[in-house]
Amino acid sequence: MSVAGIYFFLALLSAYCTLSAIVQARRLYWLVPVYFLSAWLCGELAVIHLLWQVALTALLAFTGVFSDPLAQSGLGIFALSWLGLVYLHCQALDTPNHLRPALRRALGEDYRADIPAERQHVLCDDILTRHWIRPFKFERDGVRLHSHIAYSDGASATCWISTIRMSRGTVAFRYCCRCTVALGLSAKRNSRPSH
């Protein structure tokens with residue numbers, strides 16, 4: 001398959017994912033997992049998809065791939081997909097305009113006042129870059145990590161649980177289970193997960 005053919009296939013895939021994120025289809029039955037996964041990943045990561053697609057297009061333009069009519073067709077399909085991705089991103093930017101009124105309707109106008117004073121400082125309306133780059137960074141005062149606590153170790157599965165104990169007693173869990181099934185393999189006893 002030529003580079004133009006691969007580019008055309010990626011354009012079709014991008015158009016499908018963008019369309020599935022915009023159109024809410026019903027009665028898909030056994031196709032629901034595929035449809036949901038493609039719509040979810042495309043809708044939530046619209047800017048990321050837009051960036052890699054434009055970067056790929058620029059790279060291929062510099063290499064001269066667009067002399068092929070198939071690549072030109074792919075570019076047209078990508079352009080339509082990009083319009084959809086920009087639309088999805090604009091929808092995502094409107095989220096606070098819908099979320100705050102819903103919280104006020106459900107919890108009352110002064111719902112923030114009901115939050116304990118010592119926890120109100122962690123509330124923020126903006127997401128900082130350092131929060132989404134490392135969402136599971138727990139290195140701060142009052143947090144202790146207990147990791148790789150084995151709670152099951154049998155012939156077919158080895159499972160661990162990691163807990164993160166916060167200063168006020170809140171506990172978050174991370175679960176890891178390795179299973180070997182139907183191949184006659186056995187799990188290594190007392191092994192540790194490869195994280």
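The structure is a predicted model, in which local features need pLDDT of at least 70 and side-chain atom pairs count only at pLDDT 80 or more, whereas totals for chains, interfaces and linings use all residues. Residues are numbered from 1 along each chain as its sequence is written, and side-chain values use heavy atoms, with hydrogens and water left out.

The protein has 7 helices and 3 strands, where helices (H or I, at least four residues) and strands (E, at least two) are DSSP runs numbered from the N terminus. Along the sequence these elements follow the pattern α-α-α-α-α-α-α-β-β-β. Of the 195 residues, 22% count as buried, a term that means under 20% relative accessible area, with exposed meaning over 50% and partly exposed lying in between (1.4 Å probe, protein chains only).

In helix α2, the buried residues are Tyr35, Ser38, Ala39 and Cys42. Seen down the helix axis, these buried residues fall within an arc of 95°, so they line one face of α2, the arc being that of the directions from the helix axis to the C-beta atoms. They pack against α1 (3-22), α3 (46-63) and α4 (69-93), contact meaning heavy atoms within 4.5 Å. The face turned away from this buried side carries the exposed residues Pro33, Phe36 and Glu44.

With a disulfide defined as a pair of cysteine sulfur atoms within 2.5 Å, the count comes to 0 disulfides. Cys17 is in no disulfide, and the nearest cysteine sulfur, that of Cys42, is 5.6 Å away. Cys17 counts as buried because its relative accessibility is 17%, while Cys90, at 42%, counts as partly exposed.
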